[in-house]
Amino acid sequence: MRLADACYHSLRLIGWLAVTLACVAAVWLLFFAALGNFSFGGTVLQLENFASRYVAASAERQDRFAHVFWLTSAGLFAAVGYFRRHSLLTRGAAVTSHSRETHHG
């Protein structure tokens with residue numbers, strides 16, 4: 001495998017991971033937006049309530065929450081990754097797509 005191929009595949013993998021992580025963050029944001037009745041003020045109030053309860057909790061409960069948060073995030077990553085797997089497996093889809101553009105001369 002040439003160096004260019006390795007760079008190409010590395011960049012595709014990094015891009016796929018970045019977009020998948022962004023989708024997981026968006027799912028968390030959507031969760032808090034749903035708790036806030038899909039209004040900006042309600043979402044901010046839910047986030048403030050969540051943050052204040054987290055800070056007031058004991059260290060043991062904070063650790064337990066972090067454990068649940070990371071496990072849930074890993075599950076979301078696996079689910080989003082499952083649905084995005086074809087974008088990682090198709091090689092050169094943008095290069096081989098047939099455009100309707102005609103090439104003159």
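In the predicted model, helix α1 meets helix α2 through Phe-32, Ala-33 and Leu-35 on the α1 side. The α2 side of this contact is made up of Thr-43, Gln-46, Leu-47 and Phe-50. By residue class, the contact of α1 with α2 divides into 5 nonpolar and 2 polar residues. No charged residue takes part in it. Helix α1 covers residues 3-35, and α2 covers residues 40-56. Their axes come within 7 Å and cross at roughly 105°. Angles of 65 to 115 degrees count as roughly perpendicular. Helices α1 and α2 are therefore roughly perpendicular to each other.

The loop between α1 and α2 was examined next. Asn-37 lies in this loop. Its phi is near 60°, a positive value in a residue other than glycine. Phe-38 also lies in the loop between α1 and α2. The phi of Phe-38 is near 55°, again positive in a residue other than glycine. Most residues other than glycine have a negative phi. Accessibility was computed for both positions. Asn-37 has a relative accessibility of 66%. The cut-off for an exposed residue is over 50%, so Asn-37 counts as exposed. Phe-38 has a relative accessible area of 60% and is exposed by that criterion.

The largest pocket holds about 150 Å³ of space. Its lining consists of Phe-50, Arg-53, Tyr-54, Ala-57, Arg-61, Gln-62 and Phe-65. Two helices, α2 and α3, each supply at least two residues of this lining. Helix α3 spans residues 59-83. The lining divides into 4 nonpolar, 1 polar and 2 charged residues. Phe-50 belongs to the pocket lining, and Phe-50 is also one of the α2 residues that meet α1.

Two positions in α3 were considered individually. Ser-73 is found in helix α3. Its relative accessibility is 10%. Burial requires a value under 20%, so Ser-73 counts as buried. Leaving aside neighbours within four places in sequence, Ser-73 is in contact with Val-24 and Trp-28. Phe-83 likewise lies in α3. In contrast to Ser-73, which is buried, Phe-83 is exposed, with a relative accessible area of 66%. Phe-83 and Thr-20 are 63 residues apart along the chain. Their C-alpha atoms are separated by 9.9 Å.

The overall fold of the chain is described last. The protein chain has 5 helices and 0 strands. Read along the sequence, the pattern is α-α-α-α-α. The chain contains 105 residues, of which 12% count as buried. Ser-73 is one of the buried residues.

Methods. Residues are numbered from 1 along each chain as its sequence is written. This is a predicted model: local features need pLDDT of at least 70, side-chain atom pairs count only at pLDDT 80 or more; totals for chains, interfaces and linings use all residues. Side-chain values use heavy atoms; hydrogens and water are left out. On a 1 Å grid over the protein atoms alone, a cavity is a set of points where a 1.4 Å probe fits but cannot get out, and a pocket is an open set with protein on both sides within 12 Å along at least five of seven lines; lining residues have an atom within 4 Å of a point. Grid points are joined across faces, edges and corners, and a volume is the space filled by probe spheres set on the points. Helices (H or I, at least four residues) and strands (E, at least two) are DSSP runs, numbered from the N terminus. Ala, Val, Leu, Ile, Met, Phe, Trp, Tyr, Cys and Pro count as nonpolar, Asp, Glu, Lys and Arg as charged, and the others, Gly among them, as polar. Axes are lines fitted to C-alpha atoms, for helices over the stretch in contact, and angles run from 0 to 180 degrees between N-to-C directions. Angles under 35 degrees count as roughly parallel, over 145 as roughly antiparallel, 65 to 115 as roughly perpendicular and the rest as oblique. Contact means heavy atoms within 4.5 Å. Buried means under 20% relative accessible area, exposed over 50%, partly exposed in between (1.4 Å probe, protein chains only).
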